[in-house]
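Dear colleague,

Please find below the structure that I am handing over to you. My findings follow it, and I would be grateful if you read them with the structure open.

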Amino acid sequence: MKLLIIEDSEALRRSIMVGLNNLGFTVDEAGDGATGLSMALLNPYDLIILDLMLPNVDGMDILKSLRRQNIETKVIILSAKNLTKDKIDGLMQGADDYLTKPFSFEELHARILALLRRGQTNQVSNSHHIAGFTLDLETKNFSYLNHIIDLTRNEFKIIECLFLAQGRVVNVEMISEAVMGNFDHLSKNTIESHLSSVRKKARECGGDLPIKNKRGFGYIIEKSAS
């Protein structure tokens with residue numbers, strides 16, 4: 001199970017992450033709203049633990065953005081806001097549960113398990129098939145009509161980022177973060193160079209990579225490409 005924690009308190013975030021890792025969960029983390037929203041839009045998570053009072057983009061706006069884009073990942077709001085109105089607002093905007101701070105880790109774990117038992121609405125197959133291309137996340141292979149296309153690590157991460165976001169525009173910053181994390185930056189020219197290389201390799205196998213450039217916005221694989 002893959003979870004995302006969006007919480008600006010580093011001590012609390014790390015404490016939850018360590019506890020969940022010890023229980024066998026795979027956990028990603030974000031310390032601000034903008035980073036958390038980007039990660040939630042680009043990656044398939046089984047559940048998101050979401051603080052409301054975040055820098056850059058607040059938690060309620062993150063929740064609204066996810067639901068507007070029909071992303072139905074389970075969301076537990078974890079907030080110091082403990083008024084009944086706050087809880088109702090969160091649940092009405094699409095949260096699946098609301099837990100107030102301070103809380104016990106055992107209760108958070110129990111609520112996570114209860115939500116996951118309801119069904120894994122956002123679970124994604126390890127294989128993604130678009131326009132004759134297959135991206136296999138388990139074997140890290142990319143192919144066209146069963147012809148393996150040999151990609152570098154960065155090329156594979158870019159393709160993975162775009163395939164998983166099919167139907168949504170992905171900007172340069174999102175791609176850079178997916179490939180390099182928060183500690184380095186991938187320029188637009190470098191991304192273009194990687195995509196040009198992948199296109200060339202795809203054409204050698206008879207394929208036409210279905211990635212379009214939305215000038216001024218980013219890149220998209222349209223739903224019709226399937």
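**Helix 6 and helix 7**

Helix 6 and helix 7 form a right-handed crossing. Please bear in mind throughout that this is a predicted model.

The two helices, of which helix 7 covers residues 172-180, pack with their axes 9 Å apart and at an angle of about 130°. On the side of helix 6, the residues involved are R153, N154, K157, I158, C161 and L162, and they meet M174, I175, A178, V179 and M180 of helix 7. By type, the residues of this contact comprise eight nonpolar, one polar and two charged.

**The nonpolar cores**

Which residues touch the most other members of the largest nonpolar core? They are I48, F142, I159, L162 and I175, in a core of 53 residues. Helix 6 (residues 153-164) supplies the largest share of this core, namely seven residues. In soluble globular proteins, nonpolar side chains tend to be buried together.

I175 deserves a separate look. Setting aside residues up to four places away in sequence, I175 touches I158, C161, L162, V170, I191 and Y219. Another core lies apart from the largest one; it has 16 residues, including L20, L47, L78 and L99.

**Helix 3**

Is helix 3 largely enclosed or largely open? Helix 3 spans residues 59-68, and seven of its 10 residues are buried, so helix 3 is largely enclosed by the rest of the structure. The buried residues are G59, M60, I62, L63, S65, L66 and R67. They pack against strand 1 (2-6), strand 3 (47-50) and strand 4 (74-79), as well as against helix 2 and helix 4 (84-92).

**The loop residue G31**

Where does G31 lie? G31 is in the loop that runs between strand 2 (26-30) and helix 2 (33-42). Its relative accessibility is 28%. Buried means under 20% and exposed means over 50%, so G31 counts as partly exposed. Apart from its neighbours within four places in sequence, G31 is in contact with E7, D8, R13 and P55. From G31 to H109 the separation is 78 residues in sequence and 21 Å in space, taken from C-alpha to C-alpha.

With kind regards

Terms used: Residues numbered from 1 in each chain as written. Predicted model: local features only at pLDDT ≥ 70, side-chain atom pairs only at ≥ 80, totals over all residues. Heavy atoms only, no water. Core = buried A, V, L, I, M, F, W, Y, C linked by side-chain atoms within 4.5 Å. Buried < 20%, exposed > 50% of the residue type's maximum accessible area, 1.4 Å probe, protein only. Helix = DSSP H or I, 4+ residues; strand = E, 2+ residues; numbered from the N terminus. Contact = heavy atoms within 4.5 Å. Axes fitted to C-alpha atoms, helices over the stretch in contact; angles between N-to-C directions. Left-handed = near helix turned anticlockwise from the far one by under 90°. Nonpolar A, V, L, I, M, F, W, Y, C, P; charged D, E, K, R; others polar.
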